[in-house]
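Subject: Handover of a structure

Dear colleague,

Please find below the structure that I am handing over to you. My notes on what was found in it follow directly after.

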Amino acid sequence: MSDITLHIDGKEATVPAGTTVLKAAQKIGVSIPTLCHHPKLEDYGGCRLCLVEVESRGRTNYVVSCLYPAETGLVVRTRSEKVDKVRRLIIEELMARAPDAPELVRLAYEYGADRNRFEKEASFCVLCGLCVRYCAEVKQKHAVGFIENGHVREISFIPEIAAKECWDCQECFAICPTSYAQAAYFLTEALAFPGQRKKESAPIGVEGDRMANIPAVPITFVKRPPASERELAG
Amino acid sequence: MPSLQTTAELEELREQIRAARDPSKPCIAVCGGAACDGLDSAAVAAAFAAEIAAQGVAAKVDFRITGCHGYCNKGPNVLVGPGDVCYFEVKPEDVPEVVASAAKGEVVDRLVYRDPATGEKAVHMSEVPFYKHQMRILIGDIPRIDPTRIADYLAVGGYSALAKALSQMTSDQVLQEVKKANLRGRGGGGFPAGLKWETTKNAPEKTKYVIVNGHEGESGAFMDRAMLTGNPHRVLEGLIIGAYAIGAQQGYIYTRHDSPSMARHITAALEQAKELGLLGKNILGSGFDFDVELHFDVGIFVSGESSALMRSIEGNTPEPRPKYIRTSVSGIWDKPSNLNNVETWANVPEIINRGADWFTSIGSEKSKGTKLVSLSGHVVNSGVVEVPMGTPLRTIVFDIGGGVPEGRAPKAIHFGGAMGGSIPISMIDAPLDFDGMAKLGAPIGAGGLLVMDEDTDMIEMARYLLDFLVKESCGKCTPCREGMYQMLKILTNIIEGKGRKFDLERLADLTEVTSLGSLCALGKTSSDPLKSMLRYFKPEFEARIAAGSAAGSEAK
């Protein structure tokens, strides 16, 4: 494929056709904030932090750089009053969810965001979907997924899969911007398969690991009857 | 029925059907549309069937259950042809009289419509105020056909446009005609359908799809359901013609899973069209192959968003995907996919039959043809309305709708459904047209017109619409998921008397960022109702916040 030349913050970038604006910017050392982007994963466009201003054929538009394909002659501005305002608001919105997430705290400082601007309802998850997508796309295990939609959406480990797959992986913990993936996993473990994540060996060789000597037991799940039947029985 | 090999065979069949029917024979049409069904029109229909048998007049009186007649709050609707004698709010006990007089070609005077204002009688459809100010090009046939019988559709001239397109026009000519007609998408955006078709047609991939978006999901929008349930063949004919123009081999009708009559009618229509060879290989001997599948949603509003809809057809979660490459170029399975709304497709057969010049003679300068409107709210007459584009809202609200009930004054008009906007009643002379309405901040959108009387609380209205959208957001992108939720919280606080001075500034920022930064059309337009209310009814918000903080300090 042929190469494309565009301008990002006044700097020229030449990239292969099909490259996103975000990747083009990264290539020439222009930094754009992201929360849901990961080089190993399909571009997602969920957090919207990487929004930039683009000018093409005389028209100004606001697009997310992680998805927008570079085109010849495109003029990109990664900072402007409006871009900063959008990012600031998004950070403020997310801080109502995860007020102390280090990455958000750092971004809030950079963009002058007020962590108390919106009513807090801490869920500690910013729903960037990195854990869900990493598990599906890279590990192909689908041990963690989204449940529900809209503002009640959350990530959820699926005990049947997590019990088998997660004990020696846990790679999503490191890419989670808020540590919520880890919390959600251990909560699932504690509730659904306590002490059963060990199979032959400990996943992480921690000295004094309390679980090290617990023998592996076959995993069984108690099937609960549907709510309607439970009510009848009660 | 045998499979038709040529357009001549289609015309032959049509003549046979027509010859077997006596146009002067009375026919009782009972509305089986959603609203009438809710008023138990099924019991009325059953009473008619039984009564016709009991009186032994089956040879003298025809009977059919049809789709929505339109006058929804006057149901169950009964129409007796020829002459379209209207009976409203018909009860099973009225049935013997209606049957007896229909058999004699008479009218049951006591059941005849009387204008509530003047007391004037209106016997025929063309005299009833609700109907007489309309131009029913798209929905006019609905009371004349049983939607489950293709013969009824053929009798009113159905599939003649398809025959004309296939036998007399090249695919380019069909496309040019639709472009010339300047048919704009009825799904909300008003994008010219012809240009969209052309993009898909010119896209390099050979496999192409055409799709009917029949996913009407918000409160106060019910005209697409009326169209698709009441005359599925009309939409299907438009789709087949579009597929021919574009060069698509496969079509989809995407609709709600929770409308059983609609699903039944579409399924029957597809089966009958296949049986007659109007779908399948070598349609009417033209060499054009095309098939259609019916696809249901999974019960979430965002499924109607074009990219989410296509993900859904692929079998994936209906989550919108970025549209920097248009779905008309890369849609279902990354193939060019042309999506149009039910009403857009339904317009196509008449454009081909009567030509672009006829179509452009109707409507306003930049919006041509007619528009279906779901009329509801604080209005005397509610239902499905069809008027030429450019019709002043006043005509719809007062002449057709009969104004606000019980002598109350109208306050505002909300247009365009959950993502539309509210305008004050002082703007009632605005014409119904894509660009004009968009400029006012009440885009045509989903086509719902809601009348609000003087007692309406606009903040509560904004909260109600947001509450709906918050639940329907897929939750993928931050501005839609979190932004709308924060707006809802702020509005709820204001209503509960806990509003604060900076709330309006927060709302302004949230609406701006949600429309600028959201991923799909749902998010981008989700704050439009609130924006319009802040634009036209800001003093109400300010007063409520001030009253709340005054009450709050008193309490201390």
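In chain B of this predicted model, 5 strands form an open sheet in the order E12-E11-E15-E13-E14, with mixed pairing. Strands here are DSSP runs of type E with at least two residues, helices are runs of type H or I with at least four, and both are numbered from the N terminus. Two strands count as paired if DSSP finds at least two bridges between them. Strand E12 (383-388) and strand E14 (421-424) of chain B are the edge strands, each pairing on one side only. On average, neighbouring strands of this sheet are turned by 30° against each other, direction ignored.

As to conventions, residues are numbered from 1 along each chain as its sequence is written, while chains are lettered from A and ligands numbered from 1 in the order in which they are written. Because the model is predicted, local features need pLDDT of at least 70 and side-chain atom pairs count only at pLDDT 80 or more, whereas totals for chains, interfaces and linings use all residues.

Strand E11 (residues 370-377) of chain B has two partners that I describe here. With E12(B), strand E11(B) pairs in the antiparallel sense over 6 bridges, and a hairpin joins E11(B) to E12(B) through 5 residues. Val373(B) has Val385(B) in E12(B) as its bridge partner. With strand E15 (residues 448-453) of chain B, the pairing of E11(B) is parallel and runs over 4 bridges. Ser374(B) stands opposite Gly448(B) in E15(B), and Gly377(B) has Val451(B) as its bridge partner in E15(B). E11(B) is mostly covered, with 8 of its 8 residues buried. A residue is buried if 20 or more other C-beta atoms lie within 10 Å of its own, exposed if 12 or fewer, and partly exposed in between, with C-beta atoms placed from the backbone.

Helix H16 (residues 393-400) of chain B lies across E11, E12, strand E13 (410-415) and E15 of chain B, at about 135° to E12(B). Angles run from 0 to 180 degrees between N-to-C directions, and axes are lines fitted to C-alpha atoms, for helices over the stretch in contact.

A further sheet in chain B is open and mixed, with 4 strands in the order E2-E1-E3-E4. Strand E2 (62-66) and strand E4 (85-87) of chain B stand at its edges with a single partner strand each, so one side of each is left without a neighbour in the sheet. Its neighbouring strands are turned by 20° against each other on average, direction ignored. Strand E1 (residues 27-31) of chain B pairs with E2(B) in the parallel sense over 5 bridges, and Ala29(B) has Arg64(B) in E2(B) as its bridge partner. Helix H3 (residues 41-55) of chain B packs on this sheet, touching E1 and E2 of chain B, and its direction makes about 160° with that of E1(B).

I turn next to helix packing. Two packed helices are described by the angle between their axes and the distance between the axes. For H8(B) and H14(B), the angle is about 105° and the axes are 10 Å apart. H8(B) and H14(B) are therefore roughly perpendicular to each other (65 to 115 degrees; under 35 is roughly parallel, over 145 roughly antiparallel, and the rest oblique). Val174(B), Glu177(B), Val178(B) and Ala181(B) in H8(B) meet Val348(B), Ile351(B) and Ile352(B) in H14(B). Residues are in contact if their C-beta atoms, placed from the backbone, lie within 7 Å.

In helix H9 (residues 193-202) of chain B, the buried residues include Ala193(B), Trp197(B) and Glu198(B). Among the elements that cover the buried residues of H9(B) are helix H8 (171-181) and helix H14 (342-354) of chain B.

Chain B is divided into domain 1 (22-129), domain 2 (150-360), domain 3 (370-456) and domain 4 (459-555); such bounds come from an automatic or database domain assignment. The C-alpha centres of domain 2 and domain 4 of chain B lie 36 Å apart, and their contact takes 11 residues from domain 2 of chain B and 8 residues from domain 4 of chain B.

Yours sincerely

Definitions and conventions. Contact = placed C-beta atoms within 7 Å.
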